[in-house]
Amino acid sequence: MTHYDKPIAHRDQPGCRACRDGTDPGLDFEYAFQPIVDTVNKQIYAHEALVRGPAGESAFSVLSGVTEDNRYRFDQACRVKAIKTAAALNMSSRLSINFMPNAIYRPELCIRTTLQAASEYGFPVERIIFEAVESENIGDGKWLASVLSEYKRIGFLTAIDDFGAGFAGLNLLADFQPDIIKLDMALIRNLDTQPARQAIVRGIARISEELGITMIAEGVETLDEYHCLHDMGLHLMQGYLFCHPLFQRQAQADQLDWPR
């Protein structure tokens, strides 16, 4: 995502006015859903909502249309549509929604539209996970920590996506402990043949356990990667090994090809 300067929380910024004046970003998009799976209980832990074009086109086809003028409304529209779509699918798992920390000026105000959507469509707040992409250069980890803290206070689950690939890293965990961290797929790739990567993953796992944080390995594509993670005691995973993103559909646990 394009780098944006750090928001200023104490003024009525253009983003606040844009959200107040309407939530239509002028972009047509839909969602695909990819499951995050519990490999021990063979259940679906959550579905991550992934932006797609109206006919299933790539995320880039939509995100390339996000500009300085519509990024605030786009962020709000994404939240509402993800919740509406998940509710229409009768999704019983958690719903994970990516958000843009740099499209937020005042968390307590920016979250109102999301709360209204959850109420309108009957999707429980406690089953919504907000994922912040750690690899987005937000310029200030403390700002991200303050946004996530407000979301957690309201009752949402919070997650750091692409952990280990970005700008905040361990410093962020010192300021705020999210409910979930998702290991960047670059750490997972060929994990079974890379002792250095294994040591890093084990280290993050130990820190997460001490801090009471749930860890998810994303980008799991091979049986060898799966077995390596399983042997480390990591059981929540996401990746093509289990299921590709499903356009406007959710996965069913009994239809997945679970590794043996």
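Visitor: Is Phe156 buried or exposed?
Guide: Phe156 is buried, at a relative accessible area of 2%. Buried means under 20% relative accessible area, exposed over 50%, and partly exposed in between, with a 1.4 Å probe and protein chains only. This is a predicted model, where local features need pLDDT of at least 70, side-chain atom pairs count only at pLDDT 80 or more, and totals for chains, interfaces and linings use all residues. Residues are numbered from 1 along each chain as its sequence is written, and side-chain values use heavy atoms, with hydrogens and water left out.

Visitor: How many aromatic pairs are there?
Guide: Nine. Rings of Phe, Tyr and Trp (its six-membered ring) pair if their centres lie within 6.5 Å; planes under 30 degrees apart are stacked, over 60 edge-to-face, the rest tilted. One of the pairs is Phe130 with Phe156: the centres are 5.0 Å apart and the planes at 70°, so this pair is edge-to-face.

Visitor: And Phe130, buried or exposed?
Guide: Buried, with 0% relative accessibility.

Visitor: What about Tyr226 and Phe242, which kind of pair is that?
Guide: Edge-to-face, with 6.2 Å from centre to centre and 75° between the planes. Tyr226 counts as buried at 6% relative accessibility, and Phe242 does at 7%.

Visitor: Switching topic: where does the charged end of Lys81 sit?
Guide: Over the ring of Phe29, 5.0 Å from its centre. That label needs NZ of Lys or CZ of Arg within 6 Å of the ring centre and within 35 degrees of the ring normal.

Visitor: Which residues cluster with Phe29?
Guide: Ring pairs link Phe29 with Tyr31, Phe33 and Phe74.
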